[in-house]
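Please keep the sequence and the structure in view while reading.

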Amino acid sequence: MLLTSLIKPILYFTLSMTPTQSINLDNKIIPESIKKEVIEALSFYPELYDTAIEFKFKDNIKKSTMQAQPRFASFFKAKENREYVILISRKIQIEGEEFTMSDIPSDVKIGWIGHELGHVMDYRERTNMGMLIFGLKYLFSPVHFKEVERAADTYAVAHGMGDYILKTKNFILENAHLSEKYKNRIRRLYISPEEVMELINKNKVEEEPEILEMND
Ligand SMILES: [Zn+2]
């Protein structure tokens with residue numbers, strides 16, 4: 001049998017196996033109710049295999065729905081050993097009505113988690129001193145905040161999560177149940193669905209040469 005006829009199926013098999021094998025659940029803590037979505041989002045980030053992350057529900061997070069942060073106890077470890085916590089708010093900012101994480105469609109949650117994992121990717125590159133300065137700037141500078149949010153979405157799109165990110169943004173911006181105040185904050189500080197589309201298209205153009213190479 002020709003070697004090349006063997007290689008192709010093996011290659012396809014390996015590629016299709018990558019998502020589940022690229023996830024290390026030994027260093028992840030995931031609540032049962034959101035496990036499916038977290039695993040799907042993690043499958044796009046094989047680089048986070050060795051990174052310890054806890055996903056943790058919280059009753060209310062000030063001004064946001066999810067929040068990625070380094071675990072305080074690991075802060076003085078080398079950046080390779082830094083651990084992270086992704087806080088997930090049980091309630092979503094609303095006007096009057098009760099609206100919780102369980103009311104959100106699965107794909108939207110995956111996009112949301114994908115965005116937070118984008119933050120983790122960004123934090124991983126930073127030194128401890130860098131993280132400290134970063135934290136202060138993030139709190140006090142809206143311009144810096146916007147840059148950081150753009151970086152998280154850029155990581156997510158580059159990892160193939162563009163469609164999920166779009167779904168999450170559209171869900172927020174087109175949702176009649178969410179308060180205008182919350183939506184305006186999202187419009188002001190986060191990149192728009194149109195900008196996400198631009199990132200997706202830019203990524204496609206960059207990926208094309210590779211696809212052409214693989215086809216011949
Ligand atoms: Zn964010």
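Two residues are in contact if their C-beta atoms, placed from the backbone, lie within 7 Å. The model is a predicted one: local features need pLDDT of at least 70, side-chain atom pairs count only at pLDDT 80 or more, and totals for chains, interfaces and linings use all residues. Residues are numbered from 1 along each chain as its sequence is written.

**The nonpolar core**
- A nonpolar core is a set of buried Ala, Val, Leu, Ile, Met, Phe, Trp, Tyr and Cys residues joined through C-beta atoms within 7 Å.
- A residue is buried if 20 or more other C-beta atoms lie within 10 Å of its own, exposed if 12 or fewer, and partly exposed in between.
- The largest core has 30 residues, and Ala 41, Leu 117, Val 120 and Ile 165 have the most contacts inside it.
- Beyond its neighbours within four places in sequence, Ala 41 touches Ile 110, Ile 113, Gly 114 and Leu 117 by the contact criterion.

**Strand β4**
- Strands β2 and β4 run parallel, joined by six bridges; two strands pair if DSSP finds at least two bridges between them.

**Ile 34**
- Ile 34 counts as buried because it has 21 C-beta neighbours inside 10 Å.

Notes
Helix = DSSP H or I, 4+ residues; strand = E, 2+ residues; numbered from the N terminus.
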